[in-house]
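Hi,

Here is the structure I promised to pass on. Have a look at it first, and then read my notes below.

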Amino acid sequence: MRPEVLHPSTLSDALAALAAYGEEARPLAGGTALVLLLHHRLIAPRVLICLEEVRELRGFQFAEEGIRIGAMVRLQELARFPQIRERLPALALACREVGNIRIRNQATLGGNLAEADYASDPPIALMALEAILEVHGPNGPREIPISEFFRGPYTTALEPGELITAVRTPFPPPGSRMTYLKFRTRSAEDRPCLGVAALVAFEDGICRELRIAVGAACETPQRRPEVERLAIGRPLTEVVIRAIAQGYADQIETLNDLRGSAAYRKRMIEVHVRRALEEVRDGHRSFSAGAGC
Amino acid sequence: MAIGRSVPVRDAEARVRGAVAYLADLRLPGMLTAKIVRSPFPHARIRHLDPRPALRIPGVVAILTAEDFNRPGAPRLFYGVDRKDQPVVARDRVRYVGEPVAAIAAETPEAAEEAAQAIEVEYEELPAVFDPLTAAKPEAPRVHEDCPGNVFLHTRLRHGDLEAGFAAADLIVEETYTTPPACHAALEPHGVIAQWADGRLTVWSATQAPFVVQETLAELFGLPREAVRVIVPPLGGGYGGKGYVRLEPLTAVLAWKVGGRPVRLILERSEEFVTLTRHAAWIRIRTGVRRDGTLTARQVEVYWGAGAYADITPRLLRSAGLVRVVGPYRIPAVHVDAYGVYTNLPPAGPFRGTMSFEGAWAYESHMDTIAHALGMDPLELRRRNLLRPGDRFCTGEVIEEAFFWECLEAAARHVGWDQPYEKGEGMRRRGRGLAVMMKSTLPRSRSECRLVLRADGVLELHTGTVEMGQGAHTALAQIAAAETEIPLERVQVIGPDTAQVPYDATTSASRATSMMGAAIREAAARLKEEMRRRAAPLLEVDPEELILQGAGVTLRGRPEVWIAWEEVLRRHGLEALEAHGVFETQGGLDPETGQGIASPHWHQGAGACEVEVDIETGKVRILRYCAAAYAGRVINPALATLQNEGNMVFGLGQALMEQIFFDQGQPLNANMSDYQIPSLRDLPEVLESVLLESPEGSIHGLGEMTLPPVAPAIANAIFDAVGVRIRDLPITPEKIWRALHGE
Amino acid sequence: MANRERFALHVNGQIHVVEAEPTRRLLDVLRADLGLTSVREGCGIGVCGACTVLMGGRPVSSCLLLVSQVHHQEIVTVEGLGGNGVLHPVQQAFIEHFAFQCAYCTPGFILSTVAMLEKEPDLDEQVLGEYLSGNLCRCGSYLHILKAVRTVARGRQHGFS
């Protein structure tokens, strides 16, 4: 029996359907990953709960302190949305690097996070941006900081019956600069061998805040706050940058796949963390950077 | 004049409307879907195979297993274009992951899929061997019981006194180069439809070789050739992957079991990676050279990993596998030993640039190593040794059309070879490299065609040449128009369909335009002769006084005397006039010495490039690439340029990213995300195509000649930039980085 | 055993009612049920672009969409371009510039180009790469494709719609 597809139009209907069918249901967001699993019979759910028409999952909301992005917002929209490009350029850059334009037109932010593919760009940027996931489930709403969300490749902190409804991304402190670097080893269409997101905030040339997230080279996106702290209260000199890059390379357990060996990836972390920091220090290439970026 | 003009391809409008009917677009009434059940093990004994649970699934019409071949009147189980070592479906043993063990015909794809899951097969795993060098050891597990050591063929080329050659050298350089299996990755997958009616078989196949398929199937079923009809729709890319015989035997036997309904098999993308690959090659090359750069001797030893079945490899080894690994140089002494080796991987076969790609990777990288050792400009080293017209190649044949130097020099000039450039000091270093190659086409092959001049003024060209995107039908129509002086828009191409068109060996080895073109010239000459003979009595003159002009015949020197051919045909009561054309090449090499004729003419191409290497990551950016080919007489400049650019792009993938990874025989990247091919953003910043034309020259196929130089030209540029030599393809950033950082 | 449903699909300006399992891929519906064979299966995983269609004017991979996901959306395939025997300017440019060899990829490239020209007022190399590098051409006709696309883009600046 092929699965049935339900089309709830409200969040409560979607959650009710999820609760009713339990493990026999799978939520369907953009579908770029789920449709393949279905087609190749790697999953056999009884129902798919299509989230396309769920009003609560759509659109952006802007507030003083940040942006709230509906789970069904497409990656291409994030890549091109002017306010995201201005205020959160690392997220726009990371979304622009995903797959190809067709995938970006279809894949959603919520779906991307829920899939937890290790070789994906947006989660890395969201780690550096300290995003918070809004989740609804049988026990009501809760929030999950992104740093606690990824438990392993294709494994997340979502409980059965829970849906990501939105991603809240706080604006970084004034004077911040950020970037996202994707390193590919084969074609220009390849998935990342490594992704690095970096954010830095200066005050009178002194580094007040530094965040670096590394992903695709390891099982989940990673930050190392103890290494980031090496920069706090200092100017971002070449010595500091190199120490941080070295620290990230040393402390992150890398993986082997067709895009590179674990040993190579360690060294690439060092190179790209350094390059990302040099970039945000010098302020170039932060594309369409508006005030404060 | 129809030749030398960039006319759009014949069905250009259908192509941009998406209206070209590829194999997957054909619909026949009652058509069933086929699905293959494949081996999950690289080498195993089949202990038990039970199709019965699958037969109970609604919609399943027939299941083919090796058992069916025991029935009276059954077809033969084994086939192969050279040695018949490959079973249609495995009988008691499987030899690679993906080998067919059963095939299902069902009413729907869903039923076929379900049945494939339901067939029960029990295997007992056997020791397996994967790389050709290990497989060739006497103690290696045997892929075929009757072939100890797994070397099914060893061919030799012996030219000159090798010992004396090495003794005369001031320097001897020896290196080893390898290439991995790769996938053709045509966007259109393999597909076949087969249908039986009244003891006759009709097959629609996306094949490059309809007549080889016809012959193989006729033999398999013990039928006369005429009882098998092969029809070929336009191909969505071939690149060698659709050459010779692929899935036609399995589909035809499954259709035989079904009875009268048509059966259609279209491969899933993952199956493409276990259907045919490029050879895994291991090449040891040793060269003696004098201080002044004169080559004195070359010895090449090459192990061609053929996969589990010999397929076309033995034929290739008797010529291509020897002469395509030497290089276009004057060398007094050359020895080549080529070994065809069975392994537990999918069969290997023709692949755009077959064996020239692997050969040039070795000999052109090697030439730069030699140049570096001598402290000589790589271009100069080649200039001193390249074959010139009238020189003798290592097969003993004299090369008349030799423009290797001109190709190489043109490519070098386009990247500013003699201009100084900034190599850079920081993270990014620049370098330049070049390479040249020679490739044989098929000796001893035949192309035939028929020209039919109809009373309505249309000239039909009946040809077995397959249109796979190279524009062959357009180029051939241009030749037919030029030779008959009939306007191009009145030329219609019919075929390929073995029931309608005369024999043609195959559309591969860049032979179509040249060989079929020659057959057309002959047919046109006969047609004109016939026309004159028929028209002469009507005009009461000698046939010699008549010439074909416009849509009729006129008297030499008296254009006012003219008769339309419709009129000629009408007055003779004919509906059409026909003429047959044949072109055949001779040759072949002595099996013990490799001496003889390897090719009726030689493909010649070169490439030069400038690259930038990121020394911290090993990542390479191609700043500029020029591909130069000797094109001889160009039929359609735009199509010729497309072919040449295609070579470069295809070569770029082979050079930098393409490899099927096998882990204990299991393909790890059998999809187009994990197996990457070049995209638009991978192009060099500047890409130039140069075609060296010669109006008196012969016609050459252009779909391969500048492909083999791509990988060595890039590797040589990397060496120039950062001083590391990569010898194992593909050239990944990690390999460069490891070489740079001594890891 | 199939749970088929009726879907009203808006394809190339017409409403087509098809009966299909809700999880049938849009690719299969377009090809098998509607006979729109310009939409082709290449890689089956959204990488190659041979099955590109426009949905609400945006390029998507029909191999990654279920029929039940698209039934309120406007779908365009190459069969829906031009009209009355007239080619769309992008199709015309592809012919004039020899922008294909085997042409299996051509409808996908044409649709991506059409979407780009309609959605992007400012065309630069970045945008061009963003729209087109996700369509693969194994024959390697990229340079000619770029020539065709740039020519139409220039034409658009001079006033064709």
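Helix 1 of chain A (residues 11–21) lies across strand 6 and strand 10 (163–170) of that chain. The angle between the helix and strand 10 of chain A is about 130 degrees. Before you zoom in any further, bear in mind that this is a predicted model.

Those two strands belong to an open sheet of five strands in chain A, ordered 4-5-10-6-7, with antiparallel pairing. On the edges sit strand 4 (60–62) and strand 7 (140–145) of chain A, each of which pairs on one side only. On average, neighbouring strands here are turned by 20 degrees against each other, direction ignored. If you want one pair to look at, take strand 6 (residues 132–137) and strand 7 of chain A: they are antiparallel and share six bridges. Leu133(A), for instance, has Ile144(A) in strand 7 of chain A as its bridge partner. As a reminder, strands of a sheet pair through backbone hydrogen bonds, either parallel or antiparallel.

Now to chain B, which has an open sheet of five strands as well, in the order 9-17-16-15-10, but with mixed pairing. Its edge strands are strand 9 (151–159) and strand 10 (171–179) of chain B, each pairing on one side only. From one strand to the next, the twist averages 10 degrees. Strand 15 (residues 280–289) and strand 16 (residues 295–307) of chain B run antiparallel and are joined by 10 bridges. Within that pair, Thr287(B) stands opposite Arg298(B) of strand 16. A helix lies across this sheet too: helix 11 of chain B (residues 356–374) lies across strand 10, strand 15 and strand 16 of chain B. To strand 10 of chain B, helix 11 runs at about 145 degrees.

Strand 14 of chain B (residues 263–266) is worth a click. With strand 1 (residues 32–38) of chain B, strand 14 pairs in the parallel sense over two bridges, and there Leu32(B) has Val263(B) as its bridge partner. With strand 11 (residues 191–197) of chain B, strand 14 runs antiparallel, joined by four bridges. In that pairing, Val192(B) stands opposite Leu265(B).

On to the interfaces. Their size is often given as the accessible area lost when the parts come together.

Let's start with chain C and chain B. How much area is buried between chain C and chain B? About 3900 Å², with carbon and sulfur atoms giving 63% of it. The contact takes 44 residues from chain C and 56 from chain B. Phe98(C), Gln101(C) and Arg138(C) supply 22% of what chain C buries against chain B, more than any other three residues. Arg138(C) also forms a salt bridge through its side chain with Glu658(B), at 2.7 Å, N to O. On the chain C side, at least two residues each come from helix 1 (26–33), helix 2 (89–96), helix 3 (106–119), helix 4 (125–132) and helix 5 (142–157) of chain C. By class, the residues of chain C that touch chain B divide into 26 nonpolar, 12 polar and six charged.

Chain B and chain A bury about 2000 Å² between them, 50% of it on carbon and sulfur atoms. Here 25 residues of chain B are in contact with 24 residues of chain A. Glu616(B), Gln676(B) and Glu734(B) supply 23% of the area that chain B buries against chain A, more than any other three residues. How many salt bridges does the rule find across the interface of chain B and chain A? The rule finds five. One to look up is Asp614(B) with Arg275(A), whose side chains meet at 2.8 Å, N to O. Helix 3 (109–118) and helix 19 (733–740) of chain B each supply at least two residues of the side that touches chain A, and helix 19 of chain B gives the most, with four residues. That side of chain B has seven nonpolar, five polar and 13 charged residues.

Cheers

Conventions
Residues numbered from 1 in each chain as written. Chains lettered and ligands numbered in written order. Predicted model: local features only at pLDDT ≥ 70, side-chain atom pairs only at ≥ 80, totals over all residues. Heavy atoms only, no water. Pairing = 2+ DSSP bridges. Axes fitted to C-alpha atoms, helices over the stretch in contact; angles between N-to-C directions. Contact = heavy atoms within 4.5 Å. Buried area = accessible area lost by both parts, 1.4 Å probe. Salt bridge = Lys/Arg side-chain N within 4 Å of Asp/Glu carboxyl O. Nonpolar A, V, L, I, M, F, W, Y, C, P; charged D, E, K, R; others polar.
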